[in-house]
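Subject: Structure handover

Hello,

Here is the structure for you to take over. My notes on what was found in it follow below.

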Amino acid sequence: PIAQNQIGQSAMTAAMCVSIMTLANMCGRISFGFIYDRLKGWNSLILVLVLNGLSMCMLTVAKSLPYFICLVGFSFGGLLVVFAPIVKTVFGSMFYNRNYGLIFIGYGIGAFVGPKISASFYDSTGSYVAGYIGSAILAAAAVLLVFAAKKLTASMQAANEKA
C-alpha cells in the first residue's frame with residue numbers, strides 16, 4: 001500500500017517492490033556481517049540504527065522507487081545481523097539462546113505493532129509521514145539507549161574483573 005499510495009505505483013509494481021526490498025534486505029544482512037567484523041559491536045549497532053533513522057527521514061520525501069526499496073530494505077536487513085553478536089557480547093554464551101529469543105520477541109512485537117500504528121496515522125492524516133517521523137525518532141532514541149547500554153556494559157565488565 002505504501003508504494004501504491006505514496007509513490008503511485010500499480011499493485012503489480014508494488015508487489016515487485018516487496019521482492020526487490022527482500023533482495024536489499026539480504027544485501028544488508030551480508031554487508032552488516034562484514035561491517036560488524038570491522039566496526040565491532042556497539043559501533044555497528046549505532047550505524048544500523050542511524051541508517052534506519054535516515055531511511056525513515058528519506059521516506060518522508062520519497063517520490064521514486066529507489067528510496068523506497070533499497071535503503072529501507074538494506075538497513076532493516078542489518079538489524080538482526082548486529083543483534084545476535086551483541087547479545088552474546090553483553091550476556092555471554094551460557095544462556096545465549098534464551099537471551100537472543102527475548103531480543104527477537106521485542107523485534108517481533110515491533111514488527112507487529114509498528115505497521116498498525118503507521119496505518120492508524122495514515123487513516124487519520126492520509127499520509128505515512130507521521131509514521132516515518134515516529135520511526136526516525138524511535139531510531140534516535142535507540143541510538144541514545146545504545147550509548148547508555150555501552151556504558152552500563154563497560155561498568156559491569158569492570159566490576160566483574162575486580163571481583
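Accessible areas here come from the Shrake-Rupley method with a 1.4 Å probe, and for residues only the protein chains shown count as cover. By that method, the accessible surface of the protein comes to about 9,800 Å². Carbon and sulfur atoms hold 72% of that surface.

Please note that this is a predicted model, in which local features need pLDDT of at least 70 and side-chain atom pairs count only at pLDDT 80 or more, while totals for chains, interfaces and linings use all residues. Residues are numbered from 1 along each chain as its sequence is written, and side-chain values use heavy atoms, with hydrogens and water left out.

Overall picture

The protein has six helices and zero strands. Both kinds of element are DSSP runs numbered from the N terminus: helices are H or I with at least four residues, strands are E with at least two. In sequence order the pattern is α-α-α-α-α-α. Along the principal axes, the C-alpha atoms fill a box of roughly 60 × 30 × 25 Å.

Of the 163 residues in the protein, 30% are buried. Buried means under 20% relative accessible area, exposed means over 50%, and partly exposed is in between (1.4 Å probe, protein chains only). A contact means heavy atoms within 4.5 Å. Among contacts between residues at least 6 apart in sequence, 69% join residues at least 24 apart.

Helix 2 covers residues 11-39 and includes Asn25. Asn25 has a relative accessible area of 19%, so this residue counts as buried. Leaving out residues up to four places away in sequence, Asn25 touches Gly73, Phe74, Phe76 and Gly77.

Ser19 also lies in helix 2. Ser19 is partly exposed, because its relative accessibility is 47%. From Ser19 to Ile2 there are 17 residues in sequence and 14 Å in space, C-alpha to C-alpha. Met21 is found in helix 2 as well, and at 22% relative accessibility Met21 counts as partly exposed. Met21 and Ser155 are 134 residues apart in sequence, and their C-alpha atoms are 40 Å apart in space.

Lys40 lies in the loop between helix 2 and helix 3. With a relative accessibility of 54%, Lys40 counts as exposed. The phi of Lys40 is near 65°, a positive value in a residue other than glycine. Most residues other than glycine have a negative phi.

Helix 3

Helix 3 has 18 residues and reaches 26 Å from its first C-alpha to its last, close to the 26 Å expected at 1.5 Å a residue. The expected span of a helix is 1.5 Å times one less than its number of residues. The buried residues of helix 3 are Trp42, Ser44, Leu45, Ile46, Val48, Leu49, Leu51, Asn52, Gly53, Ser55, Met56 and Leu59. Val50 is also in helix 3, but at 38% relative accessibility Val50 is partly exposed. Val50 and Ala142 are 92 residues apart along the chain, with 9.2 Å between their C-alpha atoms.

Helix 5 runs over residues 96-125, and its 30 residues should span 44 Å at 1.5 Å a residue. The end C-alpha atoms of helix 5 are 43 Å apart, which agrees. Its buried residues are Asn99, Tyr100 and Ser118. Just after helix 5, Gly126 takes a positive phi of about 80°.

Leu102, Ile105, Ile109, Phe112, Val113, Ile117 and Phe121 make a nonpolar surface patch of about 660 Å². Patches are made of residues with over 30% relative accessible area and no salt bridge, where like charges are joined within 9 Å and nonpolar side chains (Val, Leu, Ile, Met, Phe, Trp, Tyr) within 5 Å. A salt bridge is a side-chain nitrogen of Lys or Arg within 4 Å of a carboxyl oxygen of Asp or Glu. Ile109, one of the patch residues, is found in helix 5.

Helix 6 (residues 129-162) has 34 residues and reaches 50 Å from its first C-alpha to its last, close to the 50 Å expected at 1.5 Å a residue. Buried in helix 6 are Gly131, Tyr132, Ala136, Ala139, Val143, Val146 and Thr153.

Cysteines

The structure holds zero disulfides, a disulfide being a pair of cysteine sulfur atoms within 2.5 Å. Cys17 is buried, with a relative accessible area of 1%, whereas Cys27 is partly exposed at 39% relative accessibility.

Regards
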